[in-house]
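Here is a short report for a first look at this entry. Keep the sequence and the 3D view open while reading.

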Protein chains: 2
Amino acid sequence: MLKLTRKVEYALIAVRHMQAMESGKLTSAKEIALSHGLPQQLLAKTLQKMAKENIIEAVQGPSGGYRISSNSDKISLKDFFEKLEGPLGMMDCYFDSECIQLGACNIRTPIQRINDNMRNMFSKMTLREATQ
Amino acid sequence: MLKLTRKVEYALIAVRHMQAMESGKLTSAKEIALSHGLPQQLLAKTLQKMAKENIIEAVQGPSGGYRISSNSDKISLKDFFEKLEGPLGMMDCYFDSECIQLGACNIRTPIQRINDNMRNMFSKMTLREATQ
DNA sequence: TTATATACGATAATTATAGTCGTATTTATT
DNA sequence: AATAAATACGACTATAATTATCGTATATAA
């Protein structure tokens with residue numbers, strides 16, 4: 001429970017890989033996949049998603065690839081997670097108001113309390129701090 | 001991502017239900033299931049698990065049932081989660097040393113850093129605080 | 001023109017979660 | 001002693017979410 005998904009795991013591996021590269025140099029999905037034994041296609045999707053979200057920069061064409069974005073220092077872990085996987089909620093009712101329980105629900109407040117703590121924690125922690 | 005499971009959700013609902021009862025009074029799986037529209041059998045298993053872990057007390061036989069345990073005040077949210085679902089780790093490698101990555105893994109330290117923060121947060125928060 | 005890279009939608013496979021079934025055990029009540 | 005209502009629990013099925021693959025389009029350096 002409360003485990004990171006593979007998508008996020010691969011994203012973290014890729015970020016660290018790119019951070020370790022010489023500044024400005026590009027690396028490819030293939031290169032990262034091979035050096036860490038990850039499924040290339042799935043990793044590629046995650047990289048594409050990160051590029052779309054400006055966590056990394058993409059360069060197309062042969063001898064293209066990805067590099068870490070300059071503003072990646074300012075990204076919080078919360079944003080990183082949410083950019084990749086959507087709202088970071090321990091339960092749907094935190095964002096979604098639709099719930100079968102309706103009036104019978106007695107844990108809405110507790111859930112929100114727990115969620116707020118978790119979101120707050122990941123807001124304070126930057127991707128940089130986590131991966132350096 | 002990072003969502004609570006139904007097991008934990010049902011457990012929280014049950015705990016709140018029991019907290020709202022007159023002190024010492026028993027309630028049954030059936031009663032909780034009916035009043036909150038939960039699947040009785042599944043809830044029953046969760047209640048049994050909580051009883052086994054001394055979060056609640058079980059009384060067998062007809063007119064038996066469950067009540068909140070007196071020491072439930074001291075239980076942290078981390079313990080509550082872990083008693084119900086096992087180790088609270090965002091990734092297996094935090095507890096498990098077996099990993100396909102072996103030497104190629106570059107995120108062991110980051111993952112542990114993230115996990116430590118999360119475990120620390122849930123250690124400081126009690127079940128009582130969360131559900132009151 | 002070709003080769004190599006990103007981009008991306010659709011779909012298949014796998015795994016984890018959620019829920020059910022059947023049966024045994026306990027015990028208050030009659 | 002018999003019955004009924006509750007907990008206890010292992011095995012199984014169904015469902016949902018995650019993970020992975022496939023096929024194709026687009027960009028661009030050589």
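## Around DNA strand C

This is a predicted model. In it, 22 residues surround DNA strand C. The closest are Lys45(A) and Gln60(A) from chain A, together with Tyr10(B), Gln60(B) and Pro62(B) from chain B.

Which part of the strand faces the protein? Of the atoms of DNA strand C within 4 Å of the protein, 62% belong to sugar or phosphate. The rest belong to bases.

| Side chain | Atom of DNA strand C | Distance |
|---|---|---|
| Gln48(A) | base nitrogen | 3.3 Å |
| Lys45(B) | base oxygen | 3.1 Å |
| Gln60(B) | sugar or linking oxygen | 3.0 Å |

Which elements build the surface near DNA strand C? In chain A, α3 (40-52), β1 (56-59) and β2 (65-68) each give two or more residues. The most comes from α3(B), with 3 residues.

The make-up of this surface can be split by class. It has 10 polar residues, 9 nonpolar residues and 3 charged residues.

## Where chain B meets chain A

Now turn to the protein-protein contact. It takes 38 residues from chain B and 38 residues from chain A. About 3,900 Å² is buried between the two chains. Carbon and sulfur atoms give 66% of that area.

In chain B, which residues lose the most area to chain A? They are Met1(B), Leu2(B) and Asn106(B). Together they account for 19% of what the chain B side buries.

What polar links cross the interface of chain B and chain A? There are 10 residue pairs in polar contact, with both residues at pLDDT 80 or more. The count of salt bridges across this interface is 0.

Several helices of chain B take part. On the side that touches chain A, α1, α2 (29-36), α4 (77-85), α5 (108-124) and α6 (127-131) of chain B each supply at least two residues. The most comes from α5(B), with 8 residues.

By class, the side of chain B that touches chain A has 22 nonpolar residues. It also has 9 polar and 7 charged residues.

## In brief

α3(B) gives the most to the surface near DNA strand C. α5(B) gives the most to the side of chain B that touches chain A.

Technical notes: Residues are numbered from 1 along each chain as its sequence is written. Chains are lettered from A and ligands numbered from 1 in the order in which they are written. This is a predicted model: local features need pLDDT of at least 70, side-chain atom pairs count only at pLDDT 80 or more; totals for chains, interfaces and linings use all residues. Side-chain values use heavy atoms; hydrogens and water are left out. A residue is near a molecule or strand if one of its heavy atoms lies within 4 Å of it. A polar contact is a pair of N or O atoms within 3.5 Å; within protein, one must be able to donate a hydrogen and the other to accept it, and residues adjacent in sequence count only if both atoms are side-chain atoms. Helices (H or I, at least four residues) and strands (E, at least two) are DSSP runs, numbered from the N terminus. Ala, Val, Leu, Ile, Met, Phe, Trp, Tyr, Cys and Pro count as nonpolar, Asp, Glu, Lys and Arg as charged, and the others, Gly among them, as polar. Contact means heavy atoms within 4.5 Å. Buried area is the accessible area (1.4 Å probe) that two parts lose on being put together, summed over both. A salt bridge is a side-chain nitrogen of Lys or Arg within 4 Å of a carboxyl oxygen of Asp or Glu.
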